[in-house]
Amino acid sequence: MKSIDSTACVAVIGAGAMGCGIAQVAAQAGHYVWIYDAKENAGLQGRAGILEGLDRQVEKGRLTPSDREAVASRLNIATSIDDLSRAALVIEAIVEDLKIKQQVLSSVEKVVSEQTILASNTSSLSITAIGAALQRPERLAGLHFFNPAPVMKLVEIVAGLASEATVLEALFDTALAWGKSPVHATSTPGFIVNRVARPFYAEALRLLEEKAADVATIDTVMRESGGFRMGPFELMDLIGHDVNAAVTRSVFDAYFGDPRFKPSLTQQELVAAGWLGRKTGRGFYNYDKAKEAAPDNVRQEAIAPTAVAVEGDLGPAEPLLSLIENSGIAVTRGPGQGLIRIHGASLALSDGRSATARAASGEPADLVLFDLSLDYLSTRRIALAKADQATAKALHAATSLFLSIGKSVSIVDDSPGLIVMRTIAMLANEASDALLQGVGTAEDIDRAMTLGVNYPRGPLAWADSVGPHRILAVMEGLQNAYGDDRYRASHLLRRHVAAKQPLCSASLGSKHSGAMP
Ligand code: NAI
């Protein structure tokens with residue numbers, strides 16, 4: 001264990017939301033903590049806020065009164081940077097401005113010992129660039145907590161070009177000692193989480209802009225079929241569009257305008273209108289009114305077919321067949337390309353091409369595509385889209401099949417990759433590129449996404465469960481459909497498909513591992 005000594009002094013600069021959260025974490029881990037803020041009284045107010053939070057924990061029985069007193073006695077307010085001289089670790093959590101962070105850390109460096117570790121909680125600035133202004137850039141690394149810091153387990157330990165390995169190890173072990181789940185990341189724009197998560201928002205915005213479905217439908221499908229805790233629009237409303245758009249903009253600019261990270265005009269309009277989400281009472285949803293009911297654009301009786309004929313392998317959608325059989329519908333199997341045939345319709349899992357394009361290239365004209373689901377057995381909802389060539393009766397028959405096995409159905413326009421499949425493919429593709437570029441290990445990238453943004457499964461393991469070849473096909477389908485570099489497949493994804501290897505070694509032997517051809 002190379003963590004800083006549990007009796008060592010920790011300094012936190014900036015008594016805002018993050019600084020106070022981090023100070024609380026360090027004090028609860030047993031450190032004497034000095035909080036410094038340039039704004040008069042901000043430190044005292046911050047400390048009072050932390051203690052109020054602890055009081056609520058005492059009321060709920062989660063903290064004993066004596067532990068609360070002990071934590072309070074370890075939280076001190078510094079009135080100048082000079083007061084931080086004894087700190088073994090200084091964590092900066094001030095305004096997100098490169099010059100100001102450089103100035104503050106340069107002055108810290110002058111008063112602390114050469115062995116002191118300096119850390120920045122920056123969420124978007126380059127650790128290398130912050131370190132460039134320091135005498136000892138090797139003593140600096142990123143220590144990126146998530147909001148609220150006392151609750152969120154993830155901490156990204158970010159290596160700048162000059163960061164010393166011993167500093168990174170000490171921060172990693174210290175985060176562990178503080179009860180966190182740290183991951184290593186390199187100083188690249190957005191680190192792991194803020195980069196890999198971009199498509200979660202961006203694809204939903206794009207689908208909305210293309211009128212593939214409305215806000216509530218996309219959110220509901222992502223929650224009930226994708227298994228995400230919140231839909232993308234609900235989450236953007238919660239984060240605040242000013243904040244979410246600024247992160248997207250900063251990652252887009254930092255990657256020199258890569259179309260994968262292109263900001264959305266729709267979100268820009270919301271920011272311009274001051275409709276920033278929950279905090280202003282209006283974003284994609286209007287919080288002054290009762291929340292709009294979950295949409296159900298399907299109103300029909302379930303008339304179960306008596307039999308279905310399955311042609312070929314349905315891949316990740318195979319579990320649907322047991323549900324169909326358990327509903328008393330006879331299933332026969334034969335060779336083919338992954339179709340469920342019922343009277344009047346042919347159903348297939350989305351593969352990144354539109355149903356219309358597939359029907360035009362030799363697949364049945366009555367083609368109806370269904371979306372990916374996190375778990376077909378337990379999912380409550382399935383999104384469907386019909387080919388333009390298919391009749392309304394085909395869609396009716398396909399809908400009936402899903403209703404008769406107990407699923408709700410959302411009908412969406414015929415968009416390449418539908419909603420969940422497209423989002424998962426883009427998340428996995430971004431995670432693959434982050435892995436290719438050494439931003440983190442496969443396990444750390446997946447862990448970061450499950451702990452930092454609560455994804456139900458890491459994107460690389462998810463891709464493995466679907467089958468990396470299917471994810472690659474979706475990316476190629478999207479790129480063909482749009483002719484847009486935004487959808488270019490990661491070289492690493494191609495390589496793993498060619499080698500028939502999973503993206504994440506943790507997927508080896510997993511029951512979810514998608515068979516590769
Ligand atoms: P905040 O605005 O709540 O707090 C910043 C505090 O820093 C203020 O109290 C301000 O008075 C103080 N400050 C500003 N300049 C200072 C200086 N020169 N010297 C000393 N104190 C100074 O900001 P927040 O949200 O706590 O963010 C702080 C840092 O954490 C930023 O770098 C941000 O990017 C990062 N971060 C924020 C997250 C969030 O969800 N809010 C999540 C993860 C990282």
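Figure 1. A backbone N or O atom of Ile 94 sits 3.2 Å from an oxygen atom of the ligand. Glu 96 brings a polar side-chain atom to 2.5 Å from a ligand oxygen, and an N or O atom in the side chain of Asn 121 is 3.0 Å from an oxygen of the ligand. On its own the ligand has 830 Å² of accessible area, and the protein covers 71% of that area. A polar contact here is a pair of N or O atoms within 3.5 Å; within protein, one must be able to donate a hydrogen and the other to accept it, and residues adjacent in sequence count only if both atoms are side-chain atoms. Accessible areas come from the Shrake-Rupley method with a 1.4 Å probe, and for residues only the protein chains shown count as cover.

Please keep in mind that this is a predicted model: local features need pLDDT of at least 70, side-chain atom pairs count only at pLDDT 80 or more, and totals for chains, interfaces and linings use all residues. Residues are numbered from 1 along each chain as its sequence is written, and side-chain values use heavy atoms, with hydrogens and water left out.

**Figure 2. The shell around the ligand.** There are 23 residues around the ligand, and Met 18, Asp 37, Glu 96, Lys 101 and Ser 123 come nearest. A residue counts as near if one of its heavy atoms lies within 4 Å of the molecule. Which parts of the fold supply at least two residues each? They are helix H1 (17–28), helix H4 (98–111) and strand S6 (140–145). H4 gives the most, with three residues. Helices (H or I, at least four residues) and strands (E, at least two) are DSSP runs, numbered from the N terminus. By class, the shell has twelve nonpolar, seven polar and four charged residues.

Figure 3. Glu 169 pairs with Lys 2, their closest N and O atoms being 3.3 Å apart. This pair links distant parts of the chain, with Glu 169 in helix H6 (residues 165–177) and Lys 2 in the segment before strand S1 (9–13), 167 residues apart. Arg 68 forms a salt bridge with Asp 55, with closest N and O atoms 2.6 Å apart. Here Arg 68 belongs to helix H3 (residues 65–74) and Asp 55 to helix H2 (residues 42–59). Is Arg 68 buried or exposed? Arg 68 is buried, at 14% relative accessible area, while Asp 55 is partly exposed at 30%. Buried means under 20% relative accessible area, exposed over 50%, and partly exposed in between (1.4 Å probe, protein chains only).

Figure 4. Six of the six residues of strand S7 (residues 154–159) are buried. Leu 154, Glu 156 and Val 158 point one way from S7, whereas Val 155, Ile 157 and Ala 159 point the other way. In a regular strand the side chains alternate between the two faces of the sheet. S6 and S7 run antiparallel and are joined by four bridges, with Gly 142 opposite Val 158. S7 pairs with strand S8 (residues 181–186) in the parallel sense over six bridges, and Leu 154 stands opposite Ser 181. Two strands pair if DSSP finds at least two bridges between them.

Notes:
Nonpolar A, V, L, I, M, F, W, Y, C, P; charged D, E, K, R; others polar. Salt bridge = Lys/Arg side-chain N within 4 Å of Asp/Glu carboxyl O.
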